[in-house]
Amino acid sequence: MDIKISRNKSSRQSPIWRWLGITLSVFVALSFLLSQEHNQLDANTITFAPIQKSSIQYSVSGYGKLRSKLSREITTTFSAQVSTVEYLAGTKVEPDTVIMRLINPELTQRLQRERLTLARQRASVDALKLSQQSELLTLQGQIALLHSECESAKLREQAERLLVKQGIVSELDHKRSVLTLEQLKTRVLLSEQQLTQMQALHTRSIEIEQELLKEYELSHDIAKQAVEQLNVKAGIAGMLQAVNVSQGQAITPGQTLAVVGSERLLVADLLVPEREASEVVIGQPAMINTFVGKVAATVSRVVPVVQDGRIAIELALTGALPSNARPALNIEGKIFTARIQDALSIPQLPWLSPQSNSDLFVLDKQENVLIKKSFKFGKLAGNAIEILEGGSAGEQVVMSDMSAHQHLKKITITSLNR
């Protein structure tokens with residue numbers, strides 16, 4: 001009886017074991033199929049890019065503004081009040097364009113006083129010249145009279161000399177005539193010396209008065225210039241960049257009234273990241289973009305001061321300016337720092353960082369598989385990133401997002417067109 005019962009139990013349990021075996025077999029088969037499907041990709045769903053071997057141009061990018069190469073900050077040296085503002089910022093101006101007009105009654109009164117003082121000094125100089133001419137004429141007349149008397153005495157002496165020999169004129173009278181002639185000659189000589197000294201004195205007097213006149217003229221010119229500065233002019237041709245005062249405002253000495261800058265003679269101020277500025281040196285070529293056109297440029301100055309993590313680079317514009325170029329225009333720019341010949345590169349991907357190591361899948365056309373390879377990357381060059389190690393020219397690198405397959409080292413691909 002015991003043996004029979006045992007056989008019945010065994011017959012009842014055998015179907016359960018069969019179902020367990022079938023279930024396990026199905027599970028293993030499904031796992032294998034799923035594993036095979038996970039290790040395969042359709043080539044049409046993948047983007048490839050070849051590794052290029054070419055010349056790479058490195059550059060440093062930044063943003064900034066255009067600035068007038070020539071600018072003039074207009075200030076005042078006196079107190080005044082703004083009467084009228086003729087033009088506002090953004091207006092094209094010429095050197096003699098009156099930007100605003102000021103009022104200062106004291107300057108006007110001072111100019112009037114200087115004008116009167118100058119006129120009096122000029123009249124004084126003219127009067128002195130007339131007085132000196134009169135003195136010279138008087139002395140010259142006296143000298144002429146002495147010359148005449150001297151000639152008369154000379155003729156008398158010569159005549160008496162002959163008459164003395166004939167006994168007609170006494171020797172005493174002849175000696176008197178000789179003495180008179182000598183006296184007249186001495187007077188003539190002294191008068192001529194006096195004339196020379198008077199002329200020198202007159203010349204010096206006029207020079208002194210002329211120097212004084214120049215001082216009055218200088219004071220008058222300064223007063224005149226001050227009054228003329230009440231009409232504030234641009235001074236240079238260009239654009240009125242700023243007007244810092246308004247009508248009716250009182251201004252103080254040294255206060256900035258306006259700023260005028262050249263309109264077409266411009267430079268570019270480019271702000272680049274501090275970590276990249278070390279690659280920038282004076283003389284490197286550059287290019288700026290005004291969003292209407294591009295302009296060739298050259299690095300002319302590197303400002304050694306960091307502002308918000310950036311350094312200002314001044315660029316001298318060497319190309320023709322686009323139509324929208326003007327002071328304070330926002331721009332973008334690139335400075336070309338270095339060029340490497342025969343470098344390997346691929347297009348930049350969001351998950352690839354410069355100066356880093358990363359794994360990418362590379363196509364093996366012979367085996368129809370993607371093989372994971374390690375790459376060492378260098379710096380960015382525009383839209384490309386340099387490959388330092390890991391690849392060779394012509395290899396097809398997967399550019400699609402393969403983050404879901406990074407645990408795999410090899411992936412079989414299908415639908416590949418050889």
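This is a short tour of the structure in your viewer, stop by stop.

The model is predicted, so to speak of a local feature a pLDDT of at least 70 is needed, side-chain atom pairs count only at pLDDT 80 or more, and totals for chains, interfaces and linings use all residues. Residues are numbered from 1 along each chain as its sequence is written, and side-chain values use heavy atoms, with hydrogens and water left out.

**Stop 1: two long selections**

Begin by selecting residues 105-166, helix α2, and residues 171-228, helix α3. Helices here are DSSP runs of H or I with at least four residues, strands are runs of E with at least two, and both are numbered from the N terminus. The axes of α2 and α3 are 8 Å apart and meet at an angle of about 170°; an axis is a line fitted to C-alpha atoms, for helices over the stretch in contact, and angles run from 0 to 180 degrees between N-to-C directions. That makes the two helices roughly antiparallel (angles under 35 degrees count as roughly parallel, over 145 as roughly antiparallel, 65 to 115 as roughly perpendicular and the rest as oblique). Colour the residues of this contact by type and you get 26 nonpolar, 17 polar and 20 charged. Here Ala, Val, Leu, Ile, Met, Phe, Trp, Tyr, Cys and Pro count as nonpolar, Asp, Glu, Lys and Arg as charged, and the others, Gly among them, as polar.

While you are on α3, click Arg176.

**Stop 2: an open sheet, β8-β7-β5-β10**

Next, find the open sheet of 4 strands in the order β8-β7-β5-β10, with antiparallel pairing. Two strands pair if DSSP finds at least two bridges between them. At the edges stand β8 (231-233) and β10 (250-251); each has a single partner strand, so one side of each has no neighbour in the sheet. Select residues 98-103 to see β7, which pairs with β8 in the antiparallel sense over 3 bridges. Which residue of β8 is the bridge partner of Met100? Look for Val232.

**Stop 3: another open sheet, β4-β11-β9-β6**

Here, too, 4 strands form an open sheet, in the order β4-β11-β9-β6 and with antiparallel pairing. Its edge strands, β4 (71-75) and β6 (92-93), each pair on one side only. Walk across the sheet from β4: 5 bridges join β4 to β11 (residues 256-261), and Ile74 stands opposite Ala258. From β11 you step to β9 over 4 bridges, where Ala242 has Val259 as its bridge partner.

Val93 counts as buried, at 3% relative accessibility. Show Val260 as well: the two C-alpha atoms are separated by 8.3 Å, although the residues are 167 apart along the chain.

**Stop 4: strand β3 and its partners**

Select residues 52-68, strand β3, together with residues 330-347, strand β16: they run antiparallel and are joined by 13 bridges. Val60 has Ile335 as its bridge partner in β16. Strand β12 (residues 266-273) also runs antiparallel to β3, joined by 6 bridges, and Lys65 finds its bridge partner there in Asp269.

**Stop 5: rings and loops**

The structure holds 1 aromatic pair, and with ring centres 5.9 Å apart and planes at 15°, Phe375 and Phe377 are stacked. (Rings of Phe, Tyr and Trp, with its six-membered ring, pair if their centres lie within 6.5 Å; planes under 30 degrees apart count as stacked, over 60 as edge-to-face and the rest as tilted.) Phe375 and Phe377 are both buried.

Finish with two loop residues. Phe291, in the loop between β13 (285-289) and β14 (294-307), has a positive phi of about 75° although it is not a glycine. Asp308 lies in the loop between β14 and β15 (310-317); its phi is also positive, near 55°, and Asp308 counts as exposed at 83% relative accessibility.

Definitions and conventions: Buried < 20%, exposed > 50% of the residue type's maximum accessible area, 1.4 Å probe, protein only.
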